[in-house]
2 protein chains.
Amino acid sequence: MKRITMKDVALKAGVSTAAVSYVLNGKEGKVSETTLLKIQQAMAELNYIPDYSARSLASNRSNLIGVVIPQTEDQAQLLLENPFYSDLVCGIESQLRLKNYHLILSGVDKDKGYLDVSMQRNLDGAIIMGIYQEGFYEELKKVDIPIVLVDSYIEDAYFTTLGIDDEHGGKMATEHLLESGHTNIALVTGAIRKGGVIEKRYAGYRQALREANIFYNPDNVFEGSVSYEYGVEAGRLIAQDHPHITAVCATSDMVAIGVINGLNEFGKRVPDDISIIGFDDISYAKTFIPHLTTIGQHISSRGVMAAQLLIEAIEGKRESKQSNIVLPIELIKRDSVKVIP
Amino acid sequence: MKRITMKDVALKAGVSTAAVSYVLNGKEGKVSETTLLKIQQAMAELNYIPDYSARSLASNRSNLIGVVIPQTEDQAQLLLENPFYSDLVCGIESQLRLKNYHLILSGVDKDKGYLDVSMQRNLDGAIIMGIYQEGFYEELKKVDIPIVLVDSYIEDAYFTTLGIDDEHGGKMATEHLLESGHTNIALVTGAIRKGGVIEKRYAGYRQALREANIFYNPDNVFEGSVSYEYGVEAGRLIAQDHPHITAVCATSDMVAIGVINGLNEFGKRVPDDISIIGFDDISYAKTFIPHLTTIGQHISSRGVMAAQLLIEAIEGKRESKQSNIVLPIELIKRDSVKVIP
DNA sequence: TTGTAGGCGTTATCAA
DNA sequence: TTGATAACGCCTACAA
């Protein structure tokens with residue numbers, strides 16, 4: 001299919017390519033009503049489709065947004081299998097499409113940065129999920145495009161961050177267990193890394209215990225990775241060696257589901273034998289049996305919001321590029337927590 | 001950050017931009033050993049990053065692959081929340097990144113085609129999942145780039161298709177239920193549309209019954225949408241009005257999980273009261289309780305394969321552009337089917 | 001209000 | 001083996 005260019009349109013409409021470019025870029029007022037119509041008609045008849053490569057080259061705007069997702073530990077694949085990220089991507093994509101941007105989805109190879117991609121593609125902006133090494137962010141800043149960090153506690157005024165109050169969430173979850181009569185509460189969690197959401201949720205857990213005057217027992221903390229598999233492992237351990245534990249606070253729903261499976265292997269039932277609360281409210285949470293009690297964040301609308309923030313920054317609608325947005329969370333009571341008298 | 005161009009590299013190395021372009025494109029033999037070294041060194045020192053927009057403009061190759069995913073029925077969001085698609089995307093992305101391609105992820109607006117995106121971005125190829133209206137494909141052909149169709153029975157020699165034997169899968173699933181002693185087997189399915197995978201699975205279901213000399217009862221077929229929600233609905237109906245049904249064959253794991261939830265609402269347990277088999281083996285299937293018996297296709301490796309096929313076609317390594325690949329499937333026995341004597 | 005022309009960073013065609 | 005130089009399709013001063 002031969003490419004129709006601005007020249008063709010200009011020719012057909014009997015105007016210059018500059019005029020075509022003007023209407024293409026919505027520079028109203030630069031052209032008269034009549035030429036506008038002529039051009040629009042010519043575009044429609046020729047079925048003109050602009051070439052974004054050329055546009056990007058000439059204008060330094062690509063209408064391309066980079067979206068970076070964490071990878072599995074073996075660095076082989078995206079963590080999209082964690083519905084948390086796919087939900088987020090759904091939200092982002094819908095918003096970007098609405099605003100006429102396209103989305104380049106990728107992971108980042110270990111020891112490789114994101115500078116390459118952003119320069120190669122002339123990205124207009126990027127949404128980064130998860131946390132990376134220090135150097136990653138420094139490099140990112142050099143590119144000088146708006147960036148939204150999702151779930152990162154990086155303290156750097158350069159970035160816009162979009163998160164939730166993870167510490168409060170961890171506290172809410174633990175308190176719900178406490179209020180339900182549990183006092184021997186385990187925490188099953190991914191690696192507690194500095195600057196990550198897990199660290200905060202862990203802090204919330206400890207604070208809730210403290211405020212309830214409950215002794216913090218390090219043996220009750222199971223720290224591994226944010227994955228189903230680790231959850232299973234922890235569940236097994238709890239079932240076998242920790243008969244005193246009556247409730248588990250998991251720092252992610254996937255982990256919670258793993259724990260339930262691990263417990264199940266040893267005949268422990270949720271919530272009858274052990275109660276559990278998750279975190280995130282991924283779409284599985286309400287389809288799993290028992291329906292998971294969890295801390296809900298509106299994942300998909302977070303994606304929408306991330307995209308909106310980014311676009312605003314790109315199009316210069318926000319005064320200050322930088323801001324730190326904290327979205328509300330809520331306790332969602334379902335069936336995985338039992339009240340004990 | 002000021003952009004380093006080929007010119008800068010050429011200047012530093014004391015050669016022409018043409019020479020730089022040669023080494024960039026691995027045209028070995030076009031340059032002498034010494035200039036090669038000089039250029040490579042200059043690139044490294046300057047930290048040169050090529051501009052793909054310019055390259056795309058000049059060469060008509062973008063190293064960009066379009067990936068299209070079906071949308072939710074309200075056309076608002078991607079169906080990425082269905083882990084089937086996110087698993088696929090994982091596979092695709094990993095392979096593309098390996099081969100130095102980038103991935104543009106998007107849905108397609110109703111009554112809009114994909115011609116726009118592919119022309120705008122000069123896509124080198126595309127992977128399309130799911131089925132669309134007739135016109136969609138005709139339009140796609142005009143763009144004249146390699147295209148891999150995943151899960152589509154479109155009969156058109158133009159496209160490479162990558163699928164599984166859905167009919168056989170439907171049959172295997174039903175037979176497993178039959179062999180487990182069930183004779184009154186419901187089918188819960190999404191819309192049975194022509195050219196789609198569901199139609200084939202449905203055919204497999206019927207054939208298995210026929211071969212077992214079991215009367216096909218249309219009342220046992222629950223046709224809705226491929227979604228958790230519809231599964232719940234069907235599960236409720238079965239629990240309430242169809243006491244004779246002892247097993248359910250679902251045409252997708254998400255539907256199966258919905259059915260289980262619907263049954264559960266009325267106190268029917270799986271597999272004790274009713275057996276169920278799913279389809280796809282999404283990652284969720286083995287984490288769900290009861291672990292889902294299902295028809296397994298290696299989803300993520302399918303993604304890898306789709307990407308490989310596409311790249312081969314793009315880089316002209318395959319003689320015939322077109323082919324129809326059918327991947328193997330297998331019955332995965334887990335805990336959701338009970339043998340009745 | 002309209003048109004001309006140079007430039008964006010690469011590739012590719014020809015000569016040298 | 002190298003190096004000018006003309007595309008590629010679009011944007012944008014600047015001039016008319």
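Which residue stands opposite G125(A) in β3(A)? That residue is I65(A). The model behind this answer is predicted.

Strand β3 of chain A spans residues 125-129. The strand is mostly covered, and five of its five residues are buried. Its side chains point two ways. G125(A), I127(A) and M129(A) point one way from β3(A). A126(A) and I128(A) point the other way. Residues of both groups are buried.

β3(A) pairs with β1(A) and with β4(A). The table sets out the two pairings.

| Partner of β3(A) | Residues of partner | Sense | Bridges |
|---|---|---|---|
| β1(A) | 64-68 | parallel | four |
| β4(A) | 147-150 | parallel | four |

On the β4 pairing, I128(A) has L149(A) as its bridge partner. How does the chain cross from β3(A) to β4(A), and what is the hand of this crossover? The chain passes through helix α7 of chain A, residues 134-143. This β-α-β crossover is right-handed.

**Two copies, one interface**

Chain B can be laid on chain A with an RMSD of 0.1 Å. The same surface serves both copies, since 96% of the contact residues of chain B recur in chain A.

How many residues of chain B are in contact with chain A? There are 57, and they touch 55 residues of chain A. The area buried between the chains is about 5,100 Å². Carbon and sulfur atoms give 56% of that area.

Charged side chains also meet here. The rule finds two salt bridges across the interface of chain B and chain A. A salt bridge joins the side chains of D109(B) and R97(A), at 2.6 Å from N to O.

**A residue after β12**

V339(A) lies in the segment after β12 of chain A, a strand that covers 330-332. Is V339(A) buried or exposed? V339(A) is exposed, because its relative accessible area is 61% and the cut-off for exposed is over 50%.

Sequence and space tell separate stories for this residue. V339(A) and S180(A) are 159 residues apart in sequence. In space, their C-alpha atoms are 4.5 Å apart.

Technical notes
Residues numbered from 1 in each chain as written. Chains lettered and ligands numbered in written order. Predicted model: local features only at pLDDT ≥ 70, side-chain atom pairs only at ≥ 80, totals over all residues. Heavy atoms only, no water. Buried < 20%, exposed > 50% of the residue type's maximum accessible area, 1.4 Å probe, protein only. Helix = DSSP H or I, 4+ residues; strand = E, 2+ residues; numbered from the N terminus. Pairing = 2+ DSSP bridges. Right-handed = clockwise from strand over helix to strand, strands pointing away. Least-squares fit on C-alpha atoms with pLDDT ≥ 70 in both. Contact = heavy atoms within 4.5 Å. Buried area = accessible area lost by both parts, 1.4 Å probe. Salt bridge = Lys/Arg side-chain N within 4 Å of Asp/Glu carboxyl O.
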